[in-house]
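Student: Please take a close look at the aromatic rings in this structure. Which rings pair up, and where do charges sit over rings?

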Amino acid sequence: MSAEDLAVDAAGGLEAADEPSPQPAFHDASDPSLLPADAPLAMPPQSFSERASRIWPKRRGPSIPRTAVFLGAALMTAAFAYELYGVLSFVQMTPIQLLFLVLSTLTFAWISIGTLSAALGFLPLFAGEKADTIDIPSADGPITSRTALLFPVYHEDAARIAGTISAIAEELASLGKAQAFDVFVLSDTRGAEAGAEEEAAYAELARRLTDTIHVYYRRRIDNTARKSGNIKDWIERFGGAYESFVIFDGDSIMSGVALVRLVRAMERDPSAGLIQTVPKLIGGHTLLQRLMQFAANVYGPATAAGLAFWSKDQGNYWGHNAIIRTAAFAGSAGLPSLPGPPPFGGHIMSHDFVEAMLLQRAGWGVHMAPSVEGSFESMPPSLTDLIVRDRRWSQGNIQHLALLFRTGVPAMGRLHLFMGATSYIVSAVWAASLAVGLVLALQGQQLLPSYFTDSKTLFPIWPVIDPGAAMRLFLATMAVVLLPKALGLALEMKRARRARELFGIPRAVAGVATETVFSMLFAPIMMMTQTASVLQILVGRDAGWNAQRREGAIMELGEAIRFHWPHMLVGAVVTIVCWETSPGLLVWMAPVVLGLALSGPLNWYTSQEAGPALTAVLSTSVDRAPASIVVRTLRHEEMWRDRFASPGRESETTPDATRELVAA
């Protein structure tokens, strides 16, 4: 019987692991010798119904940038609603026309907020300024504090994690700062066999790196509260020994320089509770990954800068690639369980937004540092994997609706929670507006117009449609939708010109055009999947917690069609309805029906490895000139993969040989 099985039996089953005082010998399923001495730090759960005492004085929000974004969006939305009202009410407004007006206006309002935020971020970036909300010093100075690098894992590829850790350790050692950091691999992997293999791998990693950096491993018996519970367990057992900690995701990479700069920034500003970097997407091979990388790395900087500009030190947290002050997090961000069963009750799923809100209300600064280089992550390989991950995220974000009107939630925290939930609800609103618009088109085709109102009149009322208003509405909507892409293109063209890249500007233009076409096809698919997610959540269907697939696997066309047959059926039906109603309506709805009707083949095609032409067109600067930490990580990953495949083989894998290989 395994140690995990013995622990379960001794505790009376996994359910007994929730008891307040588990026996220390059975606290973990892993070998306790792989851990340091305990340094406990209390992390009490916080109340959302009471106002918390502030550690730091109340901060004055950046009213001008925030007002510019939200007031500007309100004015744009009012203009949109006015024009749409003029198009619809050419005789008199009917209830279904009013419903279409409301749904379309809500959708436009959400888009306009994102567009104006990106425009706000574009201005300082185009002027060559940084968008960081906190001063980030260089990596040259000394470090006086200790920092833990946390790798929460759940059935992750041990070779990839080991490669990342050893590459980071080597870079920190080259900076002379490795002794200020410790690494913790915090496992929630299930199953005695999988756990034993994982433990052996990380024990070998710890042994190999013992002269460079301390690597510790712990696997929980009971994975209560998932990732947030994993981090809480670490804080309550070991957090007292570290001033700060950095959380990595399963596909995260951070350079040693970036880590040292973040630690020095925390030391310089004692009121900073969290600093979130903006990871660049890397490592993609499939066409979908190439498209997502291009979009994030070209359009993302303006969007991130805009969010930082109007959030200032009341920003958000994305769950990884961020440094957090341990005492602040332990004292302010303990998460309670919400009343009721999942999906609305139970443990908080999208914990990062809530933890950022709790830090804010205690007065700690929650900062964004978009200019910090050396922070990376990757994307799921296929649309199917993206949708599965998105289903979990949607449940976590919609769960936040239960917190919006609690007394203990501050205004900025409430805004971030609301925007996170709205990002999924708006898909259902858009889908409803399209359905109502289709009904309006059918109604206009089938019903005879009425030229007389109920009141007595000698003259008929002739319907008068203003084609100019309709065209203005269309052009304004397209401008708002496409403006963030245009701003990203402008920044990329400026970067290419400054770097004197051969064919840099034509490649950027071709990349934006290609990505725009695919994003238009993806949009209705994500609209339907997110709408389905919202409906499933509202009827109480829980998303569960499954391991995330990060590596590409060959997808068969039949598999993609089986996954997307509902979307393809809807696309085919809407196509027939539009054609029977009016060929012009089909042209108008073409972007929606094409994406849905082709969703299966589109998923299959984009899950394949991108060809040379598309790879070149969609490449970004981080693809063409990879950062040294990325190259180093890939080399270490392959080295660890070979070593784990042949655990008994001793080759040129000593620390000195490792450094020589990377230097070569």
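Tutor: Start with one term: a residue is buried when its relative accessible area is under 20%. Keep in mind that this is a predicted model.

Now the rings. There are 16 aromatic pairs in the structure. Take W234 and Y242, whose rings form a tilted pair. Their centres are 5.8 Å apart, with 35° between the planes. Tilted is the label because the angle falls between the two cut-offs: under 30 degrees would be stacked, over 60 edge-to-face. Is W234 buried or exposed? W234 has a relative accessible area of 0%, so W234 is buried. Y242 has 7% relative accessibility, so Y242 is buried too.

Next comes another tilted pair, F518 with F522. Here the centres lie 6.3 Å apart, and the angle between the planes is 35°. Both residues belong to helix α14, which covers residues 504-538. F518 and F522 are four residues apart in this helix, so about one helical turn separates them. F518 and F522 are both buried.

Go back to W234 and Y242. They belong to one aromatic cluster. The cluster also holds F184, Y216, F238, F245 and F329.

K494 lies over the face of F126, 4.8 Å from the ring centre. R643 places its charged end over the ring of W640. That end is 4.1 Å from the centre of the W640 ring.

Technical notes. Residues numbered from 1 in each chain as written. Predicted model: local features only at pLDDT ≥ 70, side-chain atom pairs only at ≥ 80, totals over all residues. Heavy atoms only, no water. Phe/Tyr/Trp six-rings, centres within 6.5 Å; stacked < 30°, edge-to-face > 60°. Buried < 20%, exposed > 50% of the residue type's maximum accessible area, 1.4 Å probe, protein only. Helix = DSSP H or I, 4+ residues; strand = E, 2+ residues; numbered from the N terminus. Lys NZ or Arg CZ within 6 Å of the ring centre and 35° of its normal.
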